[in-house]
Amino acid sequence: MNRHLFTSDIPKYRVKSQERWLEFFSFFSLFIAAIILYSFHLGDLPLRDWDEGTFAQVAKEIYQSSFSDLHWLFPTIWNEPYFNKPPLIHSLTALVYSFGGINEFTTRIVGASLTALSVPLLYSLTRELFLPRYYGIFSALVYLTTMPVVRHGRLAMLDGAVLCFQILLMLCILKARRDLRWCLPAGLSFALICLSKGWLMGILFIAITFLFLFWDTPRLVSSVYLWIGLLLGAFPVVAWQWAQYQYYGEDFINTSIKNQSVNRVFTAVEGHQGPIWYYLLELLKYPHPWLFISISGLAIAWQKRNWSWAKFIIVWSGAYLLAISIMGTKLPWYIMPIYPVLSIAAGVALGKIKSLPSFKSYPPLWKEFFLLLSIAITGGFFYFLLTQPYNQNLLTVLGLLLITFSVTTILLFKKDQQFIPVLFWGMYVSLMVFFSSDYWLWELNEAYPVKPVAAIVKKEVKFKENVYISFDYERPSMNFYSEHQVIPANLEEMQNLIKSSSYLLVNPETLSQLNLIEKNNNYCPMGENSSDLSHCFENIFIPESQFILLKPMQ
């Protein structure tokens, strides 16, 4: 019998070849699992306000313009300069529009694909920190099944794409510690962050990387290769900023740099404010059960803070959380870049559990937590079973979670390591079912359905005519679908608008009030006496909504 029992008995080229194939298989498998989850029923629901509607409109205007118009460099929204964010991801979405048309799927697929790519990238990053492969697998699977990451990654927003570039930056920095050639792609990653989310986010992550390097690898901070890489990465960012200044002048400085970047640090832009513990509350909302496991991993990292991986976790999580907590502007998705490092912390905790010797029992707190979680899910399942027995999607999701957490609890009490794959598989399948339902985009239920109203406006209203609606705020998704600017107006403004024969979207209550005003004042915008608006406007009732379109008589 001639078998190789030790790696030293196998030729080195065969070991390296097997290692490469195993790494490729792990990377590719994680990407396939991620892209399935991120693209599943991706285009079934309408775009939401504000971010998706605004993002889609900017991308559509880039797509509808010619290359020589330079909208890909100087983006617009409703033919006005768009200063909010750089246009890299918008331009990529416009490119996708040229192949797949303008719809919800093509609007979301760029961000979803980049977020899916960030899953195997996180695996590669974790492999730079730990020798055992299962640390990387665990961290990537935690990240893959963290609900806020998947939900925001599926939306037409910039945050999922920026997560991909941030993880790529950190991966390159870790690799540069032993191969300085990785400083160049580190600079490229910095450029991608800045050209997607803005220079402030790029500088924040460069600051975090330098804090880590000062603590862990000080020699790299003074490396000329690192500075050359970062300067090369900064070149396209500075060039884009300079081009904007040359084109727009002081408007770009005041709006993009001051109002959209600097002011967000020191003031609450557009009223988005909160206490310093705002993001701690955000963390408690959704990323369960991984948040509990991540806390265990953070505790381990603090105990082992002399190790590189522990320094990396502490600096990334602590510095980023502190930075966004003291910012004046508070928005829920600002917490997103902390999830990759929390996933690594959770991977550490799971890895430590896996490597426990057989004579040691699992932490009692883990058993108690999953038991409590099972009881809570059981209560929720039977509550909705009694109150909403026909809500099959919700009951299926709760049922899957109940089975997952119950089996996990039993396996923990039996000290069986199979609880780890059971937990991952149950969370993955539960998310697949959740994203096949309408619940994953719950913001759509906060106001009237957009698409039925937008379809009538698009059909009945003349091109480039504004429409006024009796609603409290403007909805960018409504503007995008209707291809008109739909502007909110109160009753007094509506009263003046009927005199100018404007297109109006009104609810029945507003219509009755306008008819009463019309009757009392005895006027008609078309110059005829009337007792109601029917002599001057064609009333078009819109099914599935609360609105009536008042279309001026021709």
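**Ground rules.** I am working with a predicted model, where local features need pLDDT of at least 70, side-chain atom pairs count only at pLDDT 80 or more, and totals for chains, interfaces and linings use all residues. Residues are numbered from 1 along each chain as its sequence is written, and side-chain values use heavy atoms, with hydrogens and water left out.

**Ring pairs.** How many aromatic pairs are there? I took rings of Phe, Tyr and Trp (its six-membered ring) as paired if their centres lie within 6.5 Å, with planes under 30 degrees apart called stacked, over 60 edge-to-face and the rest tilted. The count comes to 40 aromatic pairs. I looked up Phe205 and Trp316: the ring centres are 5.9 Å apart and the planes stand at 85°, so I noted the pair as edge-to-face. This pair joins distant parts of the chain, with Phe205 in helix α9 (residues 199–216) and Trp316 in helix α15 (residues 308–326), 111 residues apart. My helices are DSSP runs (H or I, at least four residues), numbered from the N terminus.

**Buried or exposed?** I call a residue buried under 20% relative accessible area, exposed over 50% and partly exposed in between (1.4 Å probe, protein chains only). Phe205 and Trp316 are both buried.

**A tilted pair.** For Tyr286 and Trp442 I found ring centres 5.8 Å apart and planes at 35°, so this pair is tilted. Tyr286 is in the loop between α13 (278–285) and α14 (290–303), while Trp442 is in the loop between α19 (419–435) and α20 (450–460), 156 residues apart. Tyr286 is partly exposed at 35% relative accessibility, and Trp442 is partly exposed too, at 28%.

**Charges over rings.** I count a charge as over a ring if NZ of Lys or CZ of Arg is within 6 Å of the ring centre and within 35 degrees of the ring normal. The charged end of Arg151 sits over the ring of Trp442, 3.7 Å from its centre. Arg475 lies over the face of Tyr448, at 4.6 Å from the ring centre.

**A cluster.** Ring pairs also link Phe130, Tyr134, Tyr135, Phe138, Trp290, Trp309 and Phe424 into a cluster.

**Last look.** Where is Ile326? I found Ile326 in helix α15, and it counts as exposed at 57% relative accessibility.

Conventions. Helices (H or I, at least four residues) and strands (E, at least two) are DSSP runs, numbered from the N terminus.
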